[in-house]
2 protein chains.
Amino acid sequence: MEQVASGLVRLTFLVQSVYAEVGCGCELTPTQAQMLCVLREGPKGMAELCGVLGVERSSLTGLVDRAERSGLVVRTPDPTDRRAVKVALTEAGDRAAREFHEQITSRLAALLDDLSPTEQVRFSRSLTRIVTAAGVPLAIGPH
Amino acid sequence: MEQVASGLVRLTFLVQSVYAEVGCGCELTPTQAQMLCVLREGPKGMAELCGVLGVERSSLTGLVDRAERSGLVVRTPDPTDRRAVKVALTEAGDRAAREFHEQITSRLAALLDDLSPTEQVRFSRSLTRIVTAAGVPLAIGPH
DNA sequence: TATTGTTATACTCTATAACTATA
DNA sequence: TATAGTTATAGAGTATAACAATA
C-alpha cells in the first residue's frame, strides 16, 4: 500500500514536471496548455470552459485575459446570446496547442520505454481502467 | 502513444485531486502537506529543504512563514552555523503529517481496487520502474 | 569570496462576493 | 428570477534580484 501510494505520487510529480517543461518550451504555462488543448475541440463559452477545466468563472476570466493578451485566444460575441462570449484559439494559439500536444504525447509515452512491450500494454490498460473507474474526464491537462 | 499519454495525464489529475482533497481534510494545502511529509524525516535547513522540494529559497521562506503562522513548523537557530536555521515540525505539524500520510496512502492504494491482485502487483512494479528510471526522488510525497 | 537566509517585487492561479447585462 | 460574465479583493505559490549576516 505504502509502495503503491509512493509510486503514484512520484509518477504524478514526474508527469507534472514533463508537462511543465514541454509547456515552457512552447511558452505556455501548464494551465494555459490545458486550456488550449480543450479549445482545440472548438470555441467554447466561459461557463462551458469552466466546467471542463474545473475552475470558477472569476478564475477563468483571468486565464482568458492573460491568454488573450498573449495572442493565444480571442473572445468573440455569441450571436445567439448577448450576455455570452465564445473563446476560440487564434492561429498562434492553435499552433502552440498542436506543438504542445505533439510533444507531450511523445514525451509521456517515452516514460514507458524501460518497460517491455508486454508490460507497456499491461500498464497502459491498467492506467485506463483506473482513471475510467474513477470517472476522470478525457481532456488532457492537470487538476 | 496517444492512449498512454492521455492515461498518464488523467492519472496525474486523479492523484492530484485526491492529494488536494486529503490535504484539505487535514487543513493542509498540497504544498504544505508535501513539506510536512519531508520534515517527518527530521528537522532540515532551508537550503536542504529547497533541494528536496525543488523550490527557490525565496519561495521556501514564504512557505515556512505560512506554515509557522499556522503552528505547523518552527524555525530554530542552528547551533553549528549562526547564519542557518533548522525547520522542524511542531506537535500539531507532526500530527497533521501523520494523519495526511495515513490517509493519502490508503486513498491512493484504493485507486487500484478495480484491478485484479496480479494486475495490481504488475502495475505497482511498472510504476516503480518508471519513476526509478526517470530518477524521481523518493523523499517527495508520502514515504 | 561563498553560503545562508530574507526582503522586495512581480506574476500566475485560485476562490468568494458583489456587480452588470441579458434571458 | 436565473444565467453569463466581469470586477474587486485576498491569499497561496513561484521566481529573480538585491541584500544582510556569517563562514
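Colleague: Is Cys37(A) buried or exposed?

Modeller: Its relative accessibility comes out at 12%. Buried means under 20% relative accessible area, exposed over 50% and partly exposed in between, with a 1.4 Å probe and protein chains only. So Cys37(A) counts as buried.

Colleague: What sort of model is this, and how are things numbered?

Modeller: Residues count from 1 along each chain as its sequence is written, with chains lettered from A and ligands numbered from 1 in the order written. Side-chain values use heavy atoms, without hydrogens and water, local features need pLDDT of at least 70, side-chain atom pairs count only at pLDDT 80 or more, and totals for chains, interfaces and linings use all residues, as this is a predicted model.

Colleague: How many disulfides does the structure hold over all chains?

Modeller: Cys24(A) is in none, with the sulfur of Cys26(A) as its nearest, 9.3 Å away. Over all chains, the count is 0.

Colleague: What is the strand order in the open sheet of chain A?

Modeller: Strands here are DSSP E runs of at least two residues, numbered from the N terminus, and two pair if DSSP finds at least two bridges between them. S1 (44–45) and S2 (73–77) of chain A each have a single partner strand, so they stand at the edges. The order is S1-S3-S2.

Note on methods
Helix = DSSP H or I, 4+ residues; strand = E, 2+ residues; numbered from the N terminus. Disulfide = S-S within 2.5 Å.
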